[in-house]
Amino acid sequence: MYRRIVTPLLIACATVATAQTSAPAQTPAPAPTPTPNARNAALTASLPAEQAAMKAHVMFLASDAMRGREAGSGEYDIAAQYVAAQFYAAGLKPMGDDGGYLQKVPLTAYKIADRGAFNWAPAAGGPQTLAFGTDYVPTANPAAKQTRVSAPLVYVGYGLSASAYGIDDYAGADVRGKIVAYVGGVPAGLPSEVAATLSGAPARLAAAAAHGAVGAVAIADLRSPGRGAPGFDAVKKGYDSERVTWALPDGTGSTASPSVPLLGTLSPAGAAKLFGRDWATMARAAKKKVLRARPITAAGTLTVQSATGFRSLPSSNVIGMIPGTDPSVGRETVVLSAHLDHVGVGKAVKGDTIYNGALDDAIGIASLIEAAKRFKQAPPPKRSVLFLAVTAEEKGLVGSDYFTNHPTVPIADIVADVNLDMPILTYKFEDMVAFGGDRSSLGPIIARAVGAIGVGLSPDPMPEEAIFVRSDHFRFVQKGVPSVFLWPGQKGPGKAAVADFMGNCYHKPCDDLSQPILWDQGVRFVDANYRIAREIADAADRPRWNKGDYFGLLFKGPMATQ
C-alpha cells in the first residue's frame with residue numbers, strides 16, 4: 001500500500017470547493033521525488049482557450065502529485081474536490097449528498113481471510129476432507145464475513161442460461177437448495193460482447209439464483225486453453241487477492257447474487273473425489289470442442305466454510321446538473337459520465353512508479369468539464385443533463401454501479417448515458433467508433449454528431465475486446481438505459497497510434513503528459529459528445545433499444561416496436 005500525501009499546493013487547490021464535504025484528513029508524508037521533467041516539456045506553449053482549458057485540467061489531474069488517483073486514496077479525494085470546484089465554476093447544480101457535489105461511495109476491499117474448508121460426505125463410505133491448494137481453493141464472499149453452505153452438488157456444464165442463443169444448461173436439472181458446479185468458458189460462436197457478458201462468474205451466479213441454487217463452485221482445467229477457462233494453478237496463485245465493491249450498512253459488500261455465493265474452485269482431482277464414477281464421463285465431454293453436458297448429481301453432500309475480511313475505502317462520485325426546462329420532459333435526464341480514478345502507484349517502469357492516467361481517464365474528465373461549460377453557454381436544454389465523474393472504474397466499474405443503484409435522480413428518468421473514457425488523442429482522427437451505438441436509436445444521433453465535425457462512423461475495429469461491456473456506461477445498460485461511448489477511430493494514422501498506446505502506455509507510467517497529445521483533437525472530441533448529448537436532451541422522444549436487441553431484452557429496457 002502506497003503512502004498518501006497532502007501537500008500545501010493540493011490543499012490550496014482543494015479548498016476552492018468550499019461548498020463540499022472536505023476530503024478525509026490524511027497523515028502527511030514526504031512528497032515523492034519528481035520524475036524527469038520530460039512530461040512537463042512544452043507546458044508553457046500558447047494554446048487557444050478551449051485547448052488550454054483541457055490541458056490545464058489534465059496537467060493537474062495527471063500530475064505526479066496526484067499519484068495516479070487511486071480510488072480510496074487521499075489524492076483521489078483531492079481530485080474529486082478539483083472536479084467539484086470546476087462544476088461550481090461552470091454553474092452546475094450540485095447533485096451529490098447534503099447539497100454538495102460529492103456523493104459518498106462506501107467502497108470496501110475484501111479478500112479471503114482463511115483457507116476455508118471443503119468437506120464431502122458421500123452417500124456411501126466415510127467422509128472426506130479435501131486438501132487446500134490441491135483439491136480446492138476458496139473464494140471470498142463479499143456478502144458475508146462467515147460463509148457456510150451444506151447441500152447436494154449438481155454439475156450443470158457451463159451453468160449458463162441465454163435463451164436468445166439457445167443456451168440452457170439447466171434443462172432437466174433440479175438445483176433448488178443445492179450447490180451447482182460449472183466449468184469455465186462459453187459456447188463457441190457467440191458475439192464477443194455477449195460472450196464477455198456470459199464468461200464471468202456473475203452470469204453463472206445469476207442463472208444459479210434464478211433456478212433456486214444456494215451456492216456454486218467452479219471446476220478448473222476441463223476446457224482447453226483459450227476458451228476463457230482459467231487453470232487451477234492461476235486461480236490458486238490469486239485466490240487471496242483483494243477485490244473491491246461498495247459496502248452495505250452492515251459492513252459487508254454488495255454483489256448481484258447474494259443468495260448464491262461462489263464458494264471456490266475445484267481442481268480436476270478435487271472434482272473427481274466428489275463425482276466418483278461419473279467423473280470420467282464429465283471430463284471426456286468437457287474436452288470436446290462443443291460442450292453438451294447433461295446435469296449430473298453427485299452422490300453426497302458438500303459442506304463449505306470460509307471467512308472473508310473487509311477493509312473500508314471511502315471515496316466519492318462527483319455530480320452536477322443543468323436542469324431541463326421543458327415542462328413535459330424536463331425531469332428526464334441525459335447523463336454524461338467519465339471515471340476520475342486511475343491505478344495509483346505500482347511497479348517501476350524505467351524508474352517511474354506513478355501511473356498518471358493522462359489519457360485514462362484524466363482527459364475524459366477534462367472533456368466532461370468542458371462539455372458542461374458548452375451546455376451552460378448554450379440555451380437551456382429541454383431535458384436535464386447530469387455530469388457524473390465516478391470513482392473505482394479501475395476496480396470493476398464500482399462507482400458507476402453505486403450510482404446506478406443509488407441515483408440522485410430517479411433511475412426511470414435517466415434516458416441515456418454518454419460515456420467519455422480514454423479517448424486516444426495523439427493523432428488527428430479521421431473517423432469515430434461508437435461502442436453500443438448500433439444497439440439503440442442513439443445510432444442516427446451519433447452519425448449526425450460526428451458528421452457535423454467532418455468525420456464518419458466506422459464499425460468496431462476490435463470486436464474481440466468487447467469494449468461495450470468494459471466501461472462505466474455498461475452499469476447504465478444493466479439498468480435498461482440505452483448507452484454509448486465514442487472513441488476516435490483508426491483510419492489514417494489512428495491504427496498505429498492506438499496500437500502504440502495500448503501496447504506501450506495503457507496502465508503504465510508513460511500514460512502522462514509526455515505523450516504527444518493533440519489538444520485540438522480534444523476539442524473535436526468534446527464537440528462530438530456535446531452534440532450527441534444535446535440532441536438527446538432536446539429530442540421529442542427518449543432513446544429506445546432496437547427491437548430485439550440482446551442487451552435491451554436482457555435488462556428490460558425501453559424497446560422500439562418496429
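1. Cys 510 counts as partly exposed, at 28% relative accessibility. The model in which this residue is described is a predicted one. The partner of Cys 510 is Cys 505, and a disulfide joins the two, with an S to S distance of 2.1 Å. Cys 505 is buried, for its relative accessible area is 11%, and buried means under 20%.

2. A disulfide is a covalent bond between the sulfur atoms of two cysteines. The torsion about the S-S bond of Cys 505 and Cys 510 is about -125 degrees, so this disulfide is left-handed. The count of disulfides in the model comes to one.

3. The next point concerns helix α2 and helix α14. Helix α2 covers residues 49-61 and helix α14 covers residues 519-538; their axes lie 9 Å apart, and the packing angle is about 95 degrees. Angles of 65 to 115 degrees count as roughly perpendicular, and α2 is therefore roughly perpendicular to α14. On the α2 side, the contact is made by Glu 50, Gln 51, Met 54, Lys 55 and Val 58. On the α14 side, Trp 519, Asp 520, Gly 522, Val 523 and Val 526 take part. Sorted by class, the residues of this contact are five nonpolar, two polar and three charged.

4. A second pair of helices is α4 and α5. Helix α4 (residues 192-199) packs against helix α5 (residues 201-210) at an angle of about 65 degrees, and 5 Å separates their axes. This angle makes α4 roughly perpendicular to α5. Thr 197, Leu 198 and Ser 199 of α4 meet Ala 201, Ala 203 and Arg 204 of α5. The residues of this contact comprise three nonpolar, two polar and one charged.

5. The last point concerns a glycine. Where is Gly 251 found? Gly 251 belongs to the loop between strand β11 (243-246) and strand β12 (262-266). With a relative accessible area of 27%, Gly 251 is partly exposed. When its neighbours within four places in sequence are left aside, Gly 251 is in contact with Thr 108 and Phe 310. Ser 514 lies 263 residues from Gly 251 along the chain, and the C-alpha atoms of these two residues are separated by 42 Å.

Definitions and conventions. Residues numbered from 1 in each chain as written. Predicted model: local features only at pLDDT ≥ 70, side-chain atom pairs only at ≥ 80, totals over all residues. Heavy atoms only, no water. Helix = DSSP H or I, 4+ residues; strand = E, 2+ residues; numbered from the N terminus. Buried < 20%, exposed > 50% of the residue type's maximum accessible area, 1.4 Å probe, protein only. Contact = heavy atoms within 4.5 Å. Axes fitted to C-alpha atoms, helices over the stretch in contact; angles between N-to-C directions. Parallel < 35°, antiparallel > 145°, perpendicular 65-115°, else oblique. Nonpolar A, V, L, I, M, F, W, Y, C, P; charged D, E, K, R; others polar. Disulfide = S-S within 2.5 Å.
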